[in-house]
Amino acid sequence: MKKVGIDLGKKQSDCCVFDESGMIVERFQVRTRRDALSERFGRREKCLVGIESSRDAGWIHEHLTSLGHEVMVLDTTRSRAIGIGAGRRKTDRRDAEAIGRALVSGLAKPAHVLSRQRRRLRDALWGREKLVQMRTRLVTMLRGQFQGRGLELSLIHISEPTRPY
């Protein structure tokens with residue numbers, strides 16, 4: 001089975017393909033979008049694909065798996081140990097190769113991948129946290145504005161946010 005190391009980027013990702021003997025047979029870049037990934041990996045025979053754990057890793061893992069590939073999300077705490085970011089100059093091309101070599105050598109250790117439901121819950125909780133922070137800043141600013149004009153704070157009723165749990 002061929003192994004593909006992908007260094008994910010916001011707009012485009014670098015890929016390095018290794019054959020069964022561990023030799024590099026192909027390098028390419030692909031846009032980090034569903035349609036581009038489908039076009040590049042949809043017709044390819046089943047591969048073991050390695051990607052670093054990141055914000056995009058969940059949907060990319062899910063998408064490449066749906067195309068028939070085996071996907072391993074790598075634990076980023078071990079990035080240096082497998083050579084990601086090594087050398088005098090860090091490049092996405094070198095990082096893609098390092099991820100592929102880690103797959104070939106067996107040094108790659110998988111990270112936990114959150115389910116789609118857990119990713120949605122995490123995003124909703126993060127969004128709620130940010131809204132509460134913004135509300136708190138706004139209430140504090142308004143209290144200061146009213147106090148600076150000599151208005152009674154007791155006349156201003158600001159309800160506390162309700163907790164969903």
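A residue counts as buried when its relative accessible area is under 20%, as exposed when that area is over 50%, and as partly exposed in between. The legends below concern a predicted model.

**View 1. Arg44 and its surroundings.** Arg44 is found in the loop that joins helix H1 (34-41) and strand S4 (47-52). Its relative accessible area is 18%, and Arg44 is therefore classed as buried. The side chain of Arg44 forms a polar contact with the side chain of Glu26, at 3.1 Å. Not counting residues up to four places away in sequence, Arg44 touches Val17, Glu26, Phe28 and His69.

**View 2. Arg27 in strand S3.** Arg27 belongs to strand S3. With a relative accessibility of 30%, Arg27 counts as partly exposed. A polar contact of 2.6 Å links the side chain of Arg27 to the side chain of Glu97. When neighbours within four places in sequence are left aside, Arg27 is in contact with Cys15, Cys16, Arg93 and Glu97. Arg27 and Ile6 are 21 residues apart along the chain, and their C-alpha atoms are separated by 9.9 Å.

View 3. Strands of a sheet pair through backbone hydrogen bonds, either parallel or antiparallel. Here five strands form an open sheet with mixed pairing, in the order S3-S2-S1-S4-S5. S3 and S5 stand at the edges with a single partner strand each, so one side of each has no neighbour in the sheet. On average, neighbouring strands of this sheet are turned by 20° against each other, direction ignored. S1 and S2 are paired in the antiparallel sense over five bridges. Ile6 has Cys15, in S2, as its bridge partner.

**View 4. Helices against the sheet.** H1 lies across S1, S2 and S3 and runs at about 155° to S3. Helix H3 (residues 92-105) also packs on the sheet, where it touches S1, S2, S3, S4 and S5. The direction of H3 makes about 145° with that of S1.

View 5. In soluble globular proteins, nonpolar side chains tend to be buried together. The largest nonpolar core has 18 residues, of which Val4, Ile6, Cys15, Phe41, Val49, Ile51 and Leu64 touch the most other members. Two or more residues of this core come from each of S1, S2, S3, H1, S4, helix H2 (57-66) and S5. H2 gives the largest share, four residues. Apart from this core lies another, of nine residues, including Met72, Ile99, Ala102 and Ala108.

Methods: Residues numbered from 1 in each chain as written. Predicted model: local features only at pLDDT ≥ 70, side-chain atom pairs only at ≥ 80, totals over all residues. Heavy atoms only, no water. Buried < 20%, exposed > 50% of the residue type's maximum accessible area, 1.4 Å probe, protein only. Polar contact = N/O pair within 3.5 Å; in protein donor to acceptor, adjacent residues only side chain to side chain. Contact = heavy atoms within 4.5 Å. Core = buried A, V, L, I, M, F, W, Y, C linked by side-chain atoms within 4.5 Å. Pairing = 2+ DSSP bridges. Axes fitted to C-alpha atoms, helices over the stretch in contact; angles between N-to-C directions.
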